[in-house]
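The exercises below ask you to work through helix packing and a few side chains, one step at a time. Please look at the sequence and the structure before you start.

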Amino acid sequence: MPDGPDSSLPEGDPPPRRRPLRTIAMLPTLLTLGNLCLGFAALYCCARQLEELGAGRTAAEVLTRNSERLEAIAPSYLAVGVWALLAAMICDALDGRVARRTGAASTFGVQLDSLADIVSFGVAPAMLMMTMVRREFMQWGGDPLGVHRLAQATALIALIYVCCAALRLARFNVEASLEEAAHRGFRGLPSPGAAGAVGSLVLLHDHLEYLGWMPAANLVTWGLPLLTLGVSLLMVSRVPYPHMVSSFFRHRPFGHVIGIVLVLPPLLLFPEWVLTLAAWAFVLNGPIRRLARRRAGQTPQQVAAPGAAVVRDEEVDLRRRA
């Protein structure tokens, strides 16, 4: 029987001392905490939506803002939660970049970022999806087509999504410390990308419902749980995905700037449609690129390391400059 917690150490060796954390980088930490707070805000919006449903008020009767323009952009509490989720994605995209640019990257920042991400991109999207589906089922009334069983299945899918997001973040923390290319590409769908895909459909659904396009809105209601299950499996897969933030900040041809400028007007006029198309284009980008590379005859190792080509290109550039 062991005598105590230190019985596994050799006799005479003192227990290892832990160094206390004395300083942290302020700006990256505040950005990460902003990500966490915005994820909590999305969860709060889910609670408010369920509270209104418990009071017998439909989503159309709940005005989230006193402005017609804002009401069109965020017609429900869930839509407000999706916008909070998108703001959390911006904070998540900036905190690591700021930390590396200022030389303040640390293990503390990596761990705090993962803790924030599991709330914002793990729990919050699952709750948004489950709340939206449950809200629609409650408004239909009765139990058509076994709605009660479908609601239970939706809750199970939400749980699977949270577990896959946690596994995805834990795997990234382990592999990122061993592979320098992990910050240039991902194995498996990144959790912010999965959250954006799920949240964009919630936002699109409420926009369609606000316009009165009920057949299209009902189609999103039925399809969202299955699509959520799909992105859950992509998170824990080995499908390669590019690092969009790093790609955006690298030097690009002049034509890329023109393309971004041309996208801005549709984004401002039709944000729900543009965000949905962009989010799902990124989700489908990984499987399509993997199939294309396999048909081109690349090995699985080359397919699984999307950042390797980028690293080689930058090494060539450095040699040319030298």
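**Exercise 1.** Find which backbone oxygen the side chain of Thr 276 reaches at 2.7 Å, and then describe the surroundings of Thr 276.

Solution. The side chain of Thr 276 reaches the backbone oxygen of Glu 272 at 2.7 Å, and it also reaches the backbone oxygen of Ser 200, at 3.3 Å; a polar contact is a pair of N or O atoms within 3.5 Å, where within protein one must be able to donate a hydrogen and the other to accept it, and residues adjacent in sequence count only if both atoms are side-chain atoms. Thr 276 is found in helix H10, helices being DSSP runs (H or I) of at least four residues, numbered from the N terminus. With a relative accessibility of 9%, Thr 276 counts as buried (under 20% relative accessible area, with a 1.4 Å probe and protein chains only). Leaving aside neighbours within four places in sequence, Thr 276 is in contact with Ser 200, Leu 201 and Leu 204, contact meaning heavy atoms within 4.5 Å.

This is a predicted model, in which local features need pLDDT of at least 70 and side-chain atom pairs count only at pLDDT 80 or more, while totals for chains, interfaces and linings use all residues. Residues are numbered from 1 along each chain as its sequence is written, and side-chain values use heavy atoms, with hydrogens and water left out.

**Exercise 2.** Describe how helix H6 (residues 191–211) is placed against helix H10 (residues 271–295).

Solution. The axes of H6 and H10 come within 8 Å and cross at roughly 150°, where axes are lines fitted to C-alpha atoms over the stretch in contact and angles run from 0 to 180 degrees between N-to-C directions. H6 is therefore roughly antiparallel to H10 (an angle over 145 degrees). Among the residues that make the contact are Ser 200, Leu 201 and Leu 204 of H6 and Thr 276 of H10.

**Exercise 3.** Work out how H6 packs against helix H7 (residues 214–235).

Solution. H6 and H7 pack at an angle of about 175°, with their axes 9 Å apart, and H6 is therefore roughly antiparallel to H7. Residues of H6 that meet H7 include Ala 197, Leu 201 and Leu 208, and those of H7 include Val 220 and Leu 224.

**Exercise 4.** Is Asp 206 buried or exposed?

Solution. Asp 206, which is found in H6, counts as buried because its relative accessibility is 2%. Leaving aside neighbours within four places in sequence, the residues in contact with Asp 206 include Pro 75, Met 132 and Arg 135.

Technical notes: Helices (H or I, at least four residues) and strands (E, at least two) are DSSP runs, numbered from the N terminus. Angles under 35 degrees count as roughly parallel, over 145 as roughly antiparallel, 65 to 115 as roughly perpendicular and the rest as oblique. Buried means under 20% relative accessible area, exposed over 50%, partly exposed in between (1.4 Å probe, protein chains only).
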